[in-house]
Amino acid sequence: MEKNLPFVSLSIADKGYNKLVIPFLGKLDDGNVFKNTITFLLSISAVGLLIGGIYLTINGLLGDDGFIKNNITNENITGGKKVGSIIGLLLGFLISLITTWVLFSVLKKRTEQLKELEYVGLLDYVFNKTLPKLILIIGELLFILFLYGGVLQIIASLVGSYAYAPLSSYPSLILGMLPGMNIFNEFMPNQIYGDYDNFGEFIKMGVIVIASSFIVLIAFYIYKEIYSYILKLATNLISFLPKFAIPLAIRKRSEN
């Protein structure tokens, strides 16, 4: 056991020094603190998606702004519209819970893959490993959410009424945090609704949203490739810069 205090030996200080300070510094040196912090935040985000999705799915049913009051018990909605809303509620509730689980599972798996990557330095881990993985994660989550919205839009078209889609606000929330990505919000309908009078248009809308989910996924995979290419160019430029210093230094000495 290493001694902590100068001149004297205090058991409690020595134990705390050897059990807390030294191991912590070791984890800083080998990068585990930084690696564990990043993966811990992603793990918390995965749990947040799971809990948040379940909460939104249940909470969206009730209250003055809930789906039941607005689209089922509403006196203005009768007959086939009400029956369609009930079917849309049952299917939407089930699909929303499944989507929540899928979102959690994708983020959980990607976080585990990030944990397995070797840590050779903070810059490498953040820029070469974490950010490319994060770009793919965002694209995959958006793909699932857009696919979710498109499927429910088709269901709403088939039942000729409203479909329950409590997770439909997630894409705009994610895209709002990314500069220049709001353009994808135009593909997601503000309200999941169908009407037999315009059946073809509403079905077409659902198909477009499903198609856009694949476009979003491809776009983020392209973004990842562009990021990796730019990072490689920057890395090569930085590694090339010191080569200019030697001939310049030699030339200056020879001129003198």
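Me: Are Tyr193 and Phe202 buried or exposed?
Reply: The model is predicted. A residue counts as buried under 20% relative accessible area and as exposed over 50%. On that scale, Tyr193 and Phe202 are both buried.

Me: How many aromatic pairs does the count come to?
Reply: Rings of Phe, Tyr and Trp pair if their centres lie within 6.5 Å. By this rule, the number of aromatic pairs is 7.

Me: What kind of pair do the rings of Tyr193 and Phe202 form?
Reply: The ring centres of Tyr193 and Phe202 are 5.7 Å apart, with the planes at 90 degrees. Planes over 60 degrees apart count as edge-to-face. The pair of Tyr193 and Phe202 is therefore edge-to-face.

Me: What is the angle between the ring planes of Phe220 and Tyr223?
Reply: Phe220 and Tyr223 form an aromatic pair, 5.4 Å centre to centre. This pair is edge-to-face, and the angle between its planes is 75 degrees.

Me: Which helix holds both Phe220 and Tyr223?
Reply: Phe220 and Tyr223 are 3 residues apart, about one turn of the helix. Residues three or four places apart point the same way, because an α-helix has 3.6 residues a turn. The helix that holds Phe220 and Tyr223 spans residues 199-240 and is α7.

Me: Which residues do ring pairs link into a cluster?
Reply: Tyr193 and Phe202 pair edge-to-face, and both are buried. The cluster linked by ring pairs consists of Tyr162, Tyr193 and Phe202.

Me: Which residue has its backbone oxygen 2.8 Å from a polar atom of the side chain of Gln153?
Reply: Gln153 is found in helix α5 and is buried, with a relative accessible area of 0%. Its contacts beyond four places in sequence include Pro189, Ile192, Phe202 and Met205. The backbone oxygen at 2.8 Å from the Gln153 side chain belongs to Tyr193.

Me: How many residues of α5 are buried?
Reply: Helix α5 covers residues 122-159. From its first C-alpha to its last, α5 reaches 53 Å, close to the 56 Å expected at 1.5 Å a residue. α5 is mostly covered, and of its 38 residues the buried ones number 27.

Me: Where does α5 bend by about 35 degrees?
Reply: A proline, Pro132, follows the bend within four residues. At its end, α5 is followed by Gly160, whose phi is positive, near 65 degrees. The bend of about 35 degrees is at Thr130.

Me: How far apart in space are Gly139 and Phe214, C-alpha to C-alpha?
Reply: Gly139 lies in helix α5 and is buried, with a relative accessible area of 0%. Residues that Gly139 touches include Val216, Leu217 and Phe220. Gly139 and Phe214 are 75 residues apart in sequence, and their C-alpha separation in space is 9.6 Å.

Me: What share of the contacts with a separation of 6 or more comes from residues 24 or more positions apart?
Reply: The protein has 8 helices and 0 strands. Of its 256 residues, 36% count as buried. Among contacts with a separation of 6 or more, the share from residues 24 or more positions apart is 72%.

Note on methods. Residues numbered from 1 in each chain as written. Predicted model: local features only at pLDDT ≥ 70, side-chain atom pairs only at ≥ 80, totals over all residues. Heavy atoms only, no water. Helix = DSSP H or I, 4+ residues; strand = E, 2+ residues; numbered from the N terminus. Buried < 20%, exposed > 50% of the residue type's maximum accessible area, 1.4 Å probe, protein only. Polar contact = N/O pair within 3.5 Å; in protein donor to acceptor, adjacent residues only side chain to side chain. Contact = heavy atoms within 4.5 Å. Phe/Tyr/Trp six-rings, centres within 6.5 Å; stacked < 30°, edge-to-face > 60°. Expected span 1.5 Å × (residues − 1). Bend = angle between axes of the 7 residues up to and from the residue.
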